[in-house]
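Hi there,

Here is the structure I promised to pass on to you. Have a look at it first, and then read on for what I found.

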Amino acid sequence: MFGYAVFVAALAMFLPYLFLIQAAFAKAWGRGFGLENISLRNFHFVLFEHGTAAKSVLNSFVNAGVSATSVVILTLGVAYIVTRRLVPFGGILGFLCIAPFVIPGVVLAIGFYAAYAPPPLALCGTAPILILAFTTRFLPIGYVNASAAIRSLNPEMEEAVCVLGGSRLTALRRVVAPLLKRSLLGAWLLIFIPATRELSAAIFLYGPNTKVASVMIFDMSEEGNFEYLAALALILQVLTLPLLWIGQKALGRDFMLRRTAT
Amino acid sequence: MSKLVLKNVARRYGAVEAVADFSLELVPGEFVSLLGPSGCGKTTTLRMIAGFVPPSAGTIDMDGRQISSPSSVVPPEKRRMSMIFQSYAIWPNMTVGENVGFGLQVRRLSRGEIDRKVDAILDVVQMRNLKGRYPAELSGGQQQRVALARAIVVEPEVLLLDEPLSNLDANLREEMRFEIRRLHDEFKITTVYVTHDQSEAMVTSDRIVVMNKGRIEQIDTPHVLYARPRSRFVAGFIGRTNFLEGSRQGSEVRFDGFSAAASALEGANGTGGLLYSLRPQAIGLATQKPNGGVLAVEAEIAGRSYLGEYWDYQVKPLGAAKPLRVSTGPNAVFEIGTRVWLEIDPSAMVRVE
């Protein structure tokens with residue numbers, strides 16, 4: 001059993017990572033393992049010499065952060081309206097939030113391009129269009145989390161606010177949001193982390209100043225710069241890993257599976 | 001002037017009539033219970049008073065101002081009422097003090113004023129020492145006290161309680177009944193209390209509305225409700241009782257195993273079936289034939305159970321098909337099979353529909 005587990009882990013994790021790390025630190029990755037082949041030149045290059053690589057990492061993080069935040073806020077609102085039946089036919093709203101799940105990122109990107117690139121919006125190549133696309137792509141994850149979390153709250157908690165003179169908004173702000181803080185933070189991380197490496201929509205929508213890390217990595221692979229590619233990927237890894245660690249610390253080991261607010 | 005007036009209020013859900021033709025007036029400071037089995041419409045009625053559910057017919061007025069009608073409903077947050085929920089609905093993210101102070105904060109009172117009022121009400125419910133605790137650290141009874149304090153501290157026009165004691169264990173439930181009545185006597189808030197527990201309703205209420213299948217069966221004080229139930233449902237729901245079916249024969253009414261003079265019985269000259277309710281406590285047991293104005297019926301003890309506070313006997317009049325239930329004090333011991341005399345006061349027999 002143990003041997004089998006190690007075998008699977010080796011195939012899935014150790015081997016790819018080993019070669020990724022080797023390439024990142026190699027002068028030339030084809031020369032194999034060996035002390036004389038190790039250098040930090042690749043990192044120095046992508047961080048300080050390359051024109052846009054460092055900027056692309058920053059772009060990725062800003063886009064992912066803004067998108068994750070807007071997804072969480074949007075889906076909390078929609079899930080609340082749908083679950084508490086505040087409007088007729090709310091189920092349709094819920095369905096619209098889930099729908100992007102079945103649309104391939106490429107198709108979604110082309111749709112966005114067609115809709116937002118021509119004037120008067122002319123958003124092509126700007127950060128807002130990337131953020132809009134990411135927000136749409138990750139709506140389903142946010143919605144499923146938010147609606148499960150809200151369903152776990154007894155509506156009497158909010159009714160108690162109303163009876164005492166508070167509005168729905170007061171109930172959301174003072175009771176619902178604080179009680180759902182943990183599950184919402186979990187949902188935020190679940191969106192933020194994949195959003196930092198989203199490629200399929202980004203590749204159609206980025207512009208000269210808004211290139212994100214995933215697109216950068218893709219370009220490097222096209223050019224055959226595997227050492228730089230590996231170094232950039234490793235930087236991305238090192239930056240996101242702490243978030244996973246924070247998530248587990250703050251929310252418990254199984255935060256990715258968390259479906260209820262406790 | 002009446003505090004709260006419900007006029008012909010009804011609520012339909014599709015084809016289901018949850019509440020039908022409900023009319024009730026509460027005078028200021030009155031404590032009224034809505035009592036009935038689950039699904040009788042009592043909670044729907046309460047939620048209509050609170051403003052969470054609009055009526056499909058009828059109107060609700062408070063202090064002479066209309067607050068609910070099928071066309072317009074004043075929202076719950078504008079009614080200046082308080083409600084205590086079955087789940088308590090204490091907010092787990094706030095301390096006891098913050099929970100209780102919330103309504104005052106919403107009403108924009110000053111910090112000092114809020115602190116003073118919160119402390120005062122926490123003293124009343126004996127929770128002052130737990131002001132800084134979070135609800136997760138409190139027992140069920142303590143959470144209930146927080147809910148009470150939170151509801152009363154805002155000095156509401158009307159206090160609504162939705163089965164507030166159903167999640168507590170039996171001893172605590174009994175204690176909290178008296179607590180709720182004590183708080184009512186202290187603050188004199190007009191109160192509507194929903195429960196399915198008849199003893200809860202009897203301990204707390206000035207008047208009880210007995211509901212069944214969305215309709216009002218009877219509205220009366222606890223004593224009248226028990227002594228003079230008007231329908232079979234009320235007689236059976238409030239306490240235990242014997243139902244006696246009679247048939248008129250000349251000047252007498254014949255029951256199973258005995259008969260009584262029609263002139264001594266209430267409503268024996270009316271039309272329709274003669275169904276009477278006779279409480280087990282209203283029947284006496286004696287070894288000697290009693291004399292005086294009571295009805296004496298010879299009978300045999302058919303079964304018994306001892307419940308500590310009283311004996312529950314099944315006693316069968318000679319020649320009867322079914323036994324009657326009779327409650328006696330714990331010291332009145334009769335063996336099974338003993339011949340006894342039943343003492344029945346005909347005026348205690350209440351005709352029901």
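Contact here means heavy atoms within 4.5 Å, and helices are DSSP runs numbered from the N terminus. Please keep in mind that this is a predicted model.

**A helix pair in chain B**

Helix α4 of chain B spans residues 140-152 and helix α5 of chain B spans residues 170-187; their axes come within 11 Å and cross at roughly 15 degrees. Angles under 35 degrees count as roughly parallel, so α4(B) and α5(B) are roughly parallel to each other. Their crossing is right-handed.

**A helix pair in chain A**

In chain A, helix α3 (residues 53-83) packs with helix α4 (residues 90-98) at an angle of about 145 degrees, and the axes are 8 Å apart. The crossing of α3(A) and α4(A) is left-handed. On the α3(A) side the contact is made by A:Val78, A:Ile81 and A:Val82, and on the α4(A) side by A:Gly90, A:Gly91, A:Leu93, A:Gly94 and A:Cys97. Five of the residues in the contact of α3(A) with α4(A) are nonpolar, three are polar and none is charged.

**Cysteines**

A:Cys97, from that contact in α4(A), has a relative accessibility of 7% and counts as buried, because buried means under 20%. B:Cys40 is buried too, at 2% relative accessibility. And how many disulfides are there over all chains? The count comes to zero, taking a disulfide as a pair of cysteine sulfur atoms within 2.5 Å.

**Two loop residues in chain B**

B:Ser69 sits in the loop between β5 (65-68) and β6 (81-84) of chain B. Is B:Ser69 buried or exposed? B:Ser69 is buried, since its relative accessible area is 5% and the cut-off is under 20%. Leaving aside residues up to four places away in sequence, B:Ser69 touches B:Pro55, B:Gly58 and B:Thr59.

B:Gly308 belongs to the loop between β16 (295-306) and β17 (311-317) of chain B. With a relative accessible area of 34%, B:Gly308 is partly exposed. From C-alpha to C-alpha, B:Gly308 and B:Gly329 are 9.2 Å apart in space, while 21 residues apart in sequence.

Best wishes

Technical notes
Residues numbered from 1 in each chain as written. Chains lettered and ligands numbered in written order. Predicted model: local features only at pLDDT ≥ 70, side-chain atom pairs only at ≥ 80, totals over all residues. Heavy atoms only, no water. Axes fitted to C-alpha atoms, helices over the stretch in contact; angles between N-to-C directions. Helix = DSSP H or I, 4+ residues; strand = E, 2+ residues; numbered from the N terminus. Left-handed = near helix turned anticlockwise from the far one by under 90°. Nonpolar A, V, L, I, M, F, W, Y, C, P; charged D, E, K, R; others polar. Buried < 20%, exposed > 50% of the residue type's maximum accessible area, 1.4 Å probe, protein only. Parallel < 35°, antiparallel > 145°, perpendicular 65-115°, else oblique.
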